[in-house]
Amino acid sequence: MTTSTSPLRIIYIVGAGRSGSTVLDTVLGNHPDAVSVGELSNLHRSGWVNNEFCACGEPADGCEFWNEVRNAWLNANRGADVEDYLAMQARFERFRPAAMWRTEASSLFRTAAARRYLAQTGSLYESIAAVSRRRVIVDSSKTPLRARWLARLPGVDLRLVHLVRDSRAVAWSRKKSLARDLEGGVQHDLASRPAWYSVVYWTVSNLFAARLRRRAGDRGVLVRYEDFVSDPAGELVRIGDACGLDCGGLVRALESGESFSVGHTVAGNRLRMAGQVRLKPDWDWIEQLSESDRRTCWRLSGWLMKRYDYPQQAKAA
Ligand SMILES: [Zn+2]
């Protein structure tokens, strides 16, 4: 049980987008000590500038939870401003391999702008903890660059869940285009991406995620999405060990077929807008991804897929 004096714990889901993090995030967010906030890195843009829909069904400006968080955050940081924070995010968080290497240089962390960004980011999590009355926050932003910064937050106990999914499933997910549907949780038209593009992104994201996870030692864990949906109870025990959470209650809820309610999330997969999620395997890509796209995926990422024990000839589990 965590108390109000426990250190703030952030469970950060790191990896490539379209890896199934919404489901994992939601399940963990149903732990009584935890609150799930979706892709927090998109809160300022999606919620506080674009006023997109929260999973509670309200546009962000009508959601009491995010209004309280915003007020607490602004009060805690004199002179804080949403646009200014977005500019800092663009500078420090936007995913570029060069930026990832640059954060290796500790001098970057000593600049005044970096200190301001860190202080405001830390107080965003503290504001969420205060409003939700939970000391464990599940953030599925996934970008490895953000995780590098969170590891620098004083007083924060960071746990990393590196979530990986078959690169061909990710390529298939990004191949489908989605039309804008505000209440359905799709805020802009999502263009179809070619397989090679998605796989390069998958590879770079997972290489950086793996590096961070290794550094986190026993506070980090590697989870394959496919294992999580086929044996969620077993995987939750491993995740719980790395995150310091007793997941027994979640396992029992899963085994009795309960669905899991989605918290106040303003950014993330459109699944969140259903208000609840159930775990179900998704093997669409096996039927749908073309032969030539599969070859592209394997040619570019097969070497890394093998490290994660994905077979070249996949079949639904
Ligand atoms: Zn809400």
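Axes here are lines fitted to C-alpha atoms, for helices over the stretch in contact, and angles run from 0 to 180 degrees between N-to-C directions. Helices are DSSP runs (H or I, at least four residues), numbered from the N terminus. The model is predicted, so local features need pLDDT of at least 70 and side-chain atom pairs pLDDT 80 or more, while totals for chains, interfaces and linings use all residues. Residues are numbered from 1 along each chain as its sequence is written, and side-chain values use heavy atoms, without hydrogens or water.

**Stop one: α8 and α9**

Select 167-175 for helix α8 and 195-216 for helix α9; they pack at about 130°, with axes 9 Å apart. That angle makes α8 oblique to α9, since under 35 degrees counts as roughly parallel, over 145 as roughly antiparallel, 65 to 115 as roughly perpendicular and the rest as oblique. Now show side chains: S167, V170, A171, R174 and K175 of α8 meet A195, Y197, S198, V199, Y201 and W202 of α9, where contact means heavy atoms within 4.5 Å. By class, this contact holds seven nonpolar, two polar and two charged residues (Ala, Val, Leu, Ile, Met, Phe, Trp, Tyr, Cys and Pro are nonpolar, Asp, Glu, Lys and Arg charged, and the others, Gly among them, polar).

**Stop two: α11 and α12**

Next, pick 232-243 (α11) and 248-255 (α12), whose axes come within 10 Å and cross at roughly 170°. That makes α11 roughly antiparallel to α12. P232, A233 and L236 of α11 touch L250, V251, L254 and E255 of α12. Six of these residues are nonpolar, none polar and one charged.

**Stop three: a cavity**

A cavity is a set of points on a 1 Å grid over the protein atoms alone where a 1.4 Å probe fits but cannot get out, and lining residues have an atom within 4 Å of a point. There are two cavities of 30 Å³ or more. Select R165, A169, Y225, E226, V229, P281, D282, W283 and W285 to see its lining. Helix α10 (225-230) supplies the largest share, three residues. The lining has six nonpolar, no polar and three charged residues.

**Last stop: G29**

Finally, click G29, in helix α1 (21-29). Its C-alpha is 7.2 Å from that of G263, 234 residues apart along the chain. Leaving out residues up to four places away in sequence, G29 touches A34, V35, S36 and V138.

How values were computed. Helices (H or I, at least four residues) and strands (E, at least two) are DSSP runs, numbered from the N terminus. On a 1 Å grid over the protein atoms alone, a cavity is a set of points where a 1.4 Å probe fits but cannot get out, and a pocket is an open set with protein on both sides within 12 Å along at least five of seven lines; lining residues have an atom within 4 Å of a point. Grid points are joined across faces, edges and corners, and a volume is the space filled by probe spheres set on the points.
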